[in-house]
Amino acid sequence: MDKDDIKQLIKICAKGVPVADLGLDSLDFISNSIQKRRLSRIKKFLRYLNFQFERLTPQQIDNFSKLIHTSECEEVLSEYAESAMSTSCDLAIASTAILYAENSDNCLLSVDEEKIFPFGLHKIDRQLLDLFLAFMQMPKDLKRHCFADDESLFCERLAVNPLTSDYFQHKGFDLESCFILSDDLIRRRFLAKDPRSMPRAMGSSAHWEIAVGSTSISKKFSDIVKRATDLLELARERRLIE
């Protein structure tokens, strides 16, 4: 959408005219604007997908080629494309491209996990993904382990508190942002609830705390997002994106 399109849309909205009373030209403009945005995002997805294909091994390409024309693969592609079109975040779009290109034999995520990932990226923004990576990249000495007796339930407890606040502030997140955005990461199933089931914030100003849980699925998701970060940097170096 260029500047003239934006001006025209503002002009239409400012009038407060019911949609039913708009002329065909105005309705066509709104429809075309939406389609332009969706087309731009799906083009990004395909561009990142093509760039990722160039980096696959011959075996990965062979695995993908065997499945690309199956009905299951078409369904997955449709879900990933819908996820890509729902967000303006390049990092999220690149993440879907990496997973679609490389998970033909479920080597990155299981069948169930692969259903969660596109849902988690739906309408996500860069700030939320950056906080997710900040949680997952916390130094080991700031993490706490839970459920270690059962490896299948192993979980790391990631907390924002006076001991870790400097780390998050260095990453660009204040207490309020961590408190609000961490709930969204839990809802998207990127992170788990606090393994200790403590209050999300508690105590005096010297003893407050916000905590979430990091599971094996969280680790898999963060690995993909981190690789997408590297993919975007390489794409910019090759001037494939701005």
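These legends walk you through several close-up views of one predicted model. Residues are numbered from 1 along each chain as its sequence is written, and side-chain values use heavy atoms, with hydrogens and water left out. Because the model is predicted, local features need pLDDT of at least 70 and side-chain atom pairs count only at pLDDT 80 or more, while totals for chains, interfaces and linings use all residues.

**View 1. The largest nonpolar core has 58 residues.** A nonpolar core is a set of buried Ala, Val, Leu, Ile, Met, Phe, Trp, Tyr and Cys residues joined through side-chain atoms within 4.5 Å. Here, buried means under 20% relative accessible area, exposed means over 50%, and partly exposed is in between (1.4 Å probe, protein chains only). Phe117, Leu129, Phe135, Phe168 and Phe190 have the most contacts inside this core. Helix α5 (residues 90–102) gives the most to this core, with nine residues; helices (H or I, at least four residues) and strands (E, at least two) are DSSP runs, numbered from the N terminus. Leaving aside residues up to four places away in sequence, Leu129 touches Cys89, Leu91, Ala92, Leu121, Ile124, Phe190 and Val225, where contact means heavy atoms within 4.5 Å.

**View 2. Helix α7 (residues 126–136) packs with helix α9 (residues 175–187).** Their axes are 10 Å apart, at an angle of about 90 degrees. That makes α7 roughly perpendicular to α9, a label for angles of 65 to 115 degrees. Axes are lines fitted to C-alpha atoms, for helices over the stretch in contact, and angles run from 0 to 180 degrees between N-to-C directions. On the α7 side you will find Gln127, Leu128, Leu131, Phe132 and Phe135, which meet Ser177, Cys178, Leu181, Ser182, Asp184 and Leu185 in α9.

**View 3. Arg38 lies in helix α2 (residues 24–53).** At 28% relative accessibility, Arg38 counts as partly exposed. Follow Arg38 to its contacts with Glu82 and Met85, not counting residues up to four places away in sequence. Arg38 and Ala84 are 46 residues apart in sequence, yet 8.7 Å apart in space, C-alpha to C-alpha. In α4, the buried residues include Ala84 and Met85.

**View 4. Lys123 and Arg189 lie in loops.** Lys123 sits between α6 (111–121) and α7, and has a positive phi of about 60 degrees although it is not a glycine. Lys123 is exposed, with a relative accessible area of 60%. Arg189 sits between α9 and β3 (210–214). Arg189 is not a glycine either, and its phi is positive, about 70 degrees. At 52% relative accessibility, Arg189 counts as exposed.

Technical notes:
Parallel < 35°, antiparallel > 145°, perpendicular 65-115°, else oblique.
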